[in-house]
Amino acid sequence: MRRRFGTAGLDLLDTDPSESVTLSQAVQSSTEEGARPDLDGEAGVLFGAMTGSVVGLRYYTGVVNKREMVSLVREPHNPYDRNAVMVANVYGNQVGHIKKELAAPMAYIMDNNLAKIEGVVPYGKTNKFSMSVTLFFWGEEENRAAVTTKLNHCGFRFDPVKGTFFLFHGFKSAKAPGSSLQEMLSKNLVAAVPLTAEQMKNSFDKMFDDLMADKTREMEAADAVFTPLLPHQKQALYWMAARENNDHLPPFWEQKGDLYVNVLTNFGVKQRPERVLGGILADDMGLGKTLTTIALIMSNFHDGRPLLLDKADQKGSEPYGLNRHLVFTPLSDMDIFTTVFLGADSRISTARATLIICPLSVLSNWLDQFEQHVRFGENLSVYLYYGTERCRDHNFLSRQDVVLTTYNVLSADYGNKESSPLHKVSWLRVVLDEGHVVRNPNAQQTKAVLDLSSERRWILSGTPIQNSLKDLWVLMAFLKLKPFDVKEWWNRVIQRPVTQGDRESLKNLQALIKGITLRRTKTSKVAGKSVVELPQKKMFVQRVTLSEEERQEYDLAKTEGQKVIGRYVTEGTVLTNYADVLAILVRLRQICCHPGLLGSYARVSSGDTSAPSDLQERLISKIRLVLSCGSDEECAICLDSLRQPVITYCAHVFCRPCICEVIRSEQERAKCPLCRAHINTKELVEYPGDKETGTSTSGKEKWRSSSKVDALMGRLLQVHGEDPAVKSLVVSQFTRFLTLLETPLRQHGFTFTRLDGSMNQRSRVKAIAEFQDSSPSSPSIMLLSLTAGGVGLNLTAASRVFMMDPSWNPAAEDQCVDRCHRLGQTRDVIITKFIVKNSVEEDMMRIQLNKKELMEKTFGSKSVQDQRQSRIEEIKTMMAL
DNA sequence: ACCGCCGGGTGCC
DNA sequence: ACCGCCGGGTGCC
């Protein structure tokens with residue numbers, strides 16, 4: 001019901017991935033998460049084109065008009081011919097079949113994935129029984145011969161078109177008045193000068209810029225919204241409400257006579273295509289997407305009328321808070337406040353409820369913000385659909401005003417066969433918060449999201465195109481932007497031509513995005529005025545000189561490290577012994593912070609032959625060392641930050657998914673990617689997490705300071721002396737360092753709180769609330785681990801940031817600073833980075849800079865090999881080798 | 001006539 | 001399908 005296509009349309013258009021996967025494709029796909037073993041809109045060359053015929057038109061209802069694109073779908077189980085190739089129009093309705101003689105070679109080509117075949121019907125239907133179709137064969141160059149040979153063998157050849165000029169996706173329909181293939185293709189030649197990679201990158205980067213035009217009208221929020229909106233939020237509210245109430249045809253649809261025609265595919269239908277009532281709100285972090293969305297919920301129930309207006313009149317005199325119930329529900333892995341506001345009105349039988357789906361990390365933020373911004377006299381019912389006790393009655397859910405849940409819960413419910421109440425409700429509105437997290441088309445989560453039924457659909461995201469064009473498809477599918485909700489059409493009309501540099505398709509993409517997206521950055525301006533006036537941000541580097549004692553210790557460790565790494569470099573085994581190398585670097589970084597950080601971690605040499613239990617212990621201590629209590633090391637397979645880190649018996653650290661994939665694909669022959677030792681899944685040791693017991697170590701042992709600690713304390717005392725109201729963030733990657741810092745902070749009488757990744761949701765919420773509080777007794781310092789908290793983390797109470805140690809990842813540092821340099825900040829933000837002179841920290845700073853430049857130049861397109869090589873170079877630099 | 005020719009029935013894969 | 005193909009009816013001029 002919810003899928004307008006019917007299952008046949010969608011499922012048939014999606015090739016079954018279990019069919020005909022070649023070995024090389026399997027290997028390729030194993031390196032990329034969820035990659036599909038087909039051509040899937042990727043680049044490829046056009047082998048040629050020919051005319052074929054579609055027969056059996058009179059048996060089917062699907063219609064096609066002049067120059068319309070059609071899709072060709074294999075029907076291997078057709079009882080009359082196992083070579084059958086079905087022809088369908090853009091909506092997936094069957095038009096006919098390819099004539100059997102031609103279907104035979106086409107089936108072979110399609111089944112063996114030698115080419116992707118696309119069709120355009122040049123004249124439309126001229127009789128009841130058959131029509132011609134122009135077929136385009138796209139594929140990898142290496143398969144060209146196989147395709148041509150097969151066709152020739154069956155008595156077909158490509159039409160004799162000179163040269164290789166027909167580069168793109170069929171025809172530029174509007175410009176192709178001619179009827180012959182030759183003529184149509186030569187028209188296309190005119191537009192076929194592709195963009196260079198650099199031009200493409202530029203246009204792509206700019207796509208989300210400058211989306212401000214005509215989006216400056218404002219709308220006041222309903223009275224029920226307690227917080228006054230800022231001007232840019234009123235603009236967003238106006239825009240969102242206008243999108244929800246719009247009566248326009250979706251992008252690229254035009255009315256022509258009694259037909260609605262999609263000008264990109266030339267597909268025409270009698271029935272008006274569904275309106276797209278929603279879009280993407282892609283404002284920068286901190287501009288108030290949550291508040292704006294709440295305002296939308298309250299202000300545009302139907303036709304621009306606020307939610308619950310009549311009820312407010314009725315019950316306006318009721319005391320504030322009477323209908324508010326706070327229910328405390330203990331959950332399995334963490335505690336969270338479940339807030340239920342009762343008293344919803346069930347008179348409105350049409351869709352009334354808004355469903356909000358967000359990552360777990362921002363769930364409590366939504367609840368807080370509803371509480372903060374909405375007057376509760378309004379009787380708003382917000383139901384948190386989370387936890388084992390959640391109410392699974394879809395009738396109950398549909399009577400709420402707002403249902404809030406997480407992607408994981410949605411996805412888990414969806415996997416539970418018939419029993420997903422979220423999928424039984426016809427929602428007024430569905431909001432995907434941090435919507436860019438949905439991007440893998442094959443993930444259960446994506447399917448669960450796409451299968452929701454709703455009139456209005458919104459995506460909130462601070463990072464609209466995080467990775468690439470590829471990730472956009474899911475968003476288009478969610479917004480139901482026909483025909484792009486079917487992947488073939490997205491690939492054919494947008495993704496492939498844009499990837500190959502087609503200007504017109506890029507323009508189309510830009511127009512598409514522009515029509516449905518609102519994006520403002522912190523620096524966006526409306527009529528010369530900044531959207532948000534943020535205080536200034538200043539960054540200083542404070543160089544720290546090690547004491548003589550520390551320097552000795554450092555130099556000793558460095559000489560020792562040089563010996564070891566020097567040997568690896570000469571042997572060419574740096575990557576083989578990567579864990580050791582990282583351990584040495586971490587050790588040096590730790591000495592820069594505080595010599596006591598080294599702790600009692602035992603060194604593990606690779607050739608160790610201890611008893612298994614002992615080995616286990618040693619491995620755990622090694623993985624601890626590598627991760628150094630919360631630092632951001634990379635996995636040698638994906639070269640990304642470690643996720644679910646595990647250590648092998650040969651003492652190398654990887655992401656669990658990465659190394660498991662290696663083991664899965666190589667089976668018994670699996671070898672460690674770094675040292676080629678045999679590995680298997682049973683011998684992976686997990687990182688048990690930091691089990692340190694807070695202050696116990698610092699309590700027992702005699703306190704010892706360090707140069708960096710002294711430098712920090714000096715600054716903190718100075719800040720306190722200048723203005724005791726100023727609060728500071730003290731940031732480190734090493735949570736053990738944060739623990740060490742607690743002692744001198746206490747000694748100097750500072751009140752402080754702490755936030756790191758090991759804390760549960762309850763204590764996080766508590767720590768943040770305490771810190772944000774402005775009373776004089778509230779903590780003036782927060783010890784913060786670099787990567788703690790989601791993007792939504794709001795620490796605007798602080799205006800000083802002390803970065804205790806440099807990170808490999810400059811983005812992580814920026815993000816951390818943005819937690820206080822955001823909307824709501826009233827003071828200038830001053831950031832101090834402590835860097836130890838003549839140390840690995842200086843090298844890291846330099847490398848960070850180089851990296852940033854390189855990224856900008858190359859569009860991040862360095863191969864994994866290159867990245868590894870430059871990593872080796874970096875290590876050599878740092879060790880002065 | 002073990003042909004030619006005529007004209008009706010018929011028609012995707 | 002204003003086709004091709006099939007197969008039954010038919011058969012000097």
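These legends walk through several close-up views of a predicted model.

**View 1**
Start with strand S26, residues 752-755, and strand S27, residues 781-785, which pair in the parallel sense over four bridges. To find your place in the pairing, look for Arg-754, whose bridge partner in S27 is Leu-783.

Rolling a probe the size of a water molecule over the atoms shows where empty space is left. Across the whole structure, a search turns up six cavities of 30 Å³ or more. The largest cavity, the one to look at here, holds about 70 Å³ of space. Its lining is made up of Leu-716, Val-719, His-720, Asp-723, Pro-724, Val-726, Ser-728, Phe-750, Ser-780 and Ile-781. Sort that lining by class and you get six nonpolar, three polar and one charged residues. Helix H22, residues 707-722, gives the largest share, with three residues.

Strands of a sheet pair through backbone hydrogen bonds, either parallel or antiparallel. In this sheet the order is S23-S22-S24, and the pairing is antiparallel. Why is one side of S23 and one side of S24 left without a neighbour in the sheet? Strand S23 (653-655) and strand S24 (685-686) stand at the edges and have a single partner strand each, so there is no neighbour on one side of either. Between strand S22, residues 645-647, and S24 there are two bridges. One pair to pick out is Ile-647 and its bridge partner in S24, Val-685.

**View 1. Residues around DNA strand C.**
Here the protein meets DNA: Arg-58, Asn-127 and Phe-129 surround DNA strand C. Of the atoms of DNA strand C that come within 4 Å of the protein, sugar and phosphate account for 20%.

**View 2. Val-85 in its strand.**
Val-85 sits in strand S3, residues 85-88. Is this residue buried or exposed? Val-85 is buried, because its relative accessible area is 0%, and the cut-off for buried is under 20%. Val-54 also belongs in this view: it is 31 residues from Val-85 along the chain, and their C-alpha atoms are separated by 9.6 Å.

Most residues other than glycine have a negative phi, and most peptide bonds are trans. The bond from Lys-482 to Pro-483 is cis, with omega near 5°. Look for Pro-483 in the loop between helix H14 (472-479) and helix H15 (487-499). Glu-434 is not a glycine, yet its phi is positive at about 50°. You can find Glu-434 in the loop that runs between strand S16 (426-432) and helix H13 (444-450). Gln-667 also has a positive phi, near 55°, and lies in the loop between helix H20 (656-666) and S24. As for accessibility, Glu-434 counts as buried at 14%, whereas Gln-667, at 46%, counts as partly exposed.

Technical notes. Residues are numbered from 1 along each chain as its sequence is written. Chains are lettered from A and ligands numbered from 1 in the order in which they are written. This is a predicted model: local features need pLDDT of at least 70, side-chain atom pairs count only at pLDDT 80 or more; totals for chains, interfaces and linings use all residues. Side-chain values use heavy atoms; hydrogens and water are left out. Two strands pair if DSSP finds at least two bridges between them. A residue is near a molecule or strand if one of its heavy atoms lies within 4 Å of it. On a 1 Å grid over the protein atoms alone, a cavity is a set of points where a 1.4 Å probe fits but cannot get out, and a pocket is an open set with protein on both sides within 12 Å along at least five of seven lines; lining residues have an atom within 4 Å of a point. Grid points are joined across faces, edges and corners, and a volume is the space filled by probe spheres set on the points. Ala, Val, Leu, Ile, Met, Phe, Trp, Tyr, Cys and Pro count as nonpolar, Asp, Glu, Lys and Arg as charged, and the others, Gly among them, as polar. Buried means under 20% relative accessible area, exposed over 50%, partly exposed in between (1.4 Å probe, protein chains only).
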